[in-house]
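Hi everyone, thanks for making time this morning. Let me put the sequence and the structure up, and then I'll walk you through them.

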Amino acid sequence: MFFSKKQKLRREYDEKLVGLIKGAKQDLDDIQHLEGIADDFELSTIAQKKIAESKSFYLSKEARVREVLIKKY
C-alpha cells in the first residue's frame, strides 16, 4: 500500500530505460553498418560512432546498477 507508488514509478522509469537502450543499440548498429559499407568515411562518422558507443555503454551500465531485465522477443 505505502510502496505501490514507488514501485509504479520504478517500473515506469525502467521501461523508459529499456526503450533508450534499444534505441541506442539500434543507432550503434546502423552506424557500424554504414562504416562497414563505406570505403572512406568522414571524421563525423567516427565521432558519431564514439558517441553511440558511449551512450550504449552508459545505459547498459545503468541497467546493471538498477538490475533491469531486458526481454528479447
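A compact globule of 73 residues would come out with a radius of gyration near 11 Å, but this protein has 16 Å. That radius is taken over C-alpha atoms, and the globule rule is 2.2 Å times the number of residues to the power 0.38. Along the principal axes, the C-alpha atoms fill a box of roughly 60 × 25 × 15 Å.

A word on where this comes from: it is a predicted model, where local features need pLDDT of at least 70, side-chain atom pairs count only at pLDDT 80 or more, and totals for chains, interfaces and linings use all residues. Residues are numbered from 1 along each chain as its sequence is written, and side-chain values use heavy atoms, with hydrogens and water left out.

So what is it built from? The protein has 2 helices and 0 strands; these are DSSP runs numbered from the N terminus, with helices being H or I of at least four residues and strands E of at least two. Helix α1 covers residues 4-37 and helix α2 covers residues 43-66, and they pack at an angle of about 150 degrees with their axes 9 Å apart. That makes α1 roughly antiparallel to α2. On terms: axes are lines fitted to C-alpha atoms, for helices over the stretch in contact, and angles run from 0 to 180 degrees between N-to-C directions. Angles under 35 degrees count as roughly parallel, over 145 as roughly antiparallel, 65 to 115 as roughly perpendicular, and the rest as oblique.

Now the contact itself, where contact means heavy atoms within 4.5 Å. On the α1 side, the residues include Tyr13, Leu17, Ile21, Ala24 and Leu28, and among those they meet in α2 are Ala52, Ser56, Leu59 and Ala63. By class, the contact of α1 with α2 has 10 nonpolar, 4 polar and 6 charged residues. Here Ala, Val, Leu, Ile, Met, Phe, Trp, Tyr, Cys and Pro count as nonpolar, Asp, Glu, Lys and Arg as charged, and the others, Gly among them, as polar.

Residues 24 or more positions apart account for 71% of the protein's contacts with a separation of 6 or more.

How much of the protein is buried? Of its 73 residues, 16% count as buried, meaning under 20% relative accessible area, with exposed over 50% and partly exposed in between (1.4 Å probe, protein chains only).

Let's visit a few residues. Ser56, in helix α2, counts as buried because its relative accessibility is 16%. Leaving aside neighbours within four places in sequence, Ser56 is in contact with Ala24 and Leu28. Over in helix α1 we find Asp14, which is buried at 18% relative accessibility. With neighbours within four places again left aside, Asp14 is in contact with Arg66 and Val68.

Also in helix α1 is Gly19, partly exposed with a relative accessible area of 41%. Gly19 and Ile70 are 51 residues apart in sequence and 9.6 Å apart in space, C-alpha to C-alpha.

Last stop: Glu67, in the segment after α2. At 69% relative accessibility, Glu67 counts as exposed.
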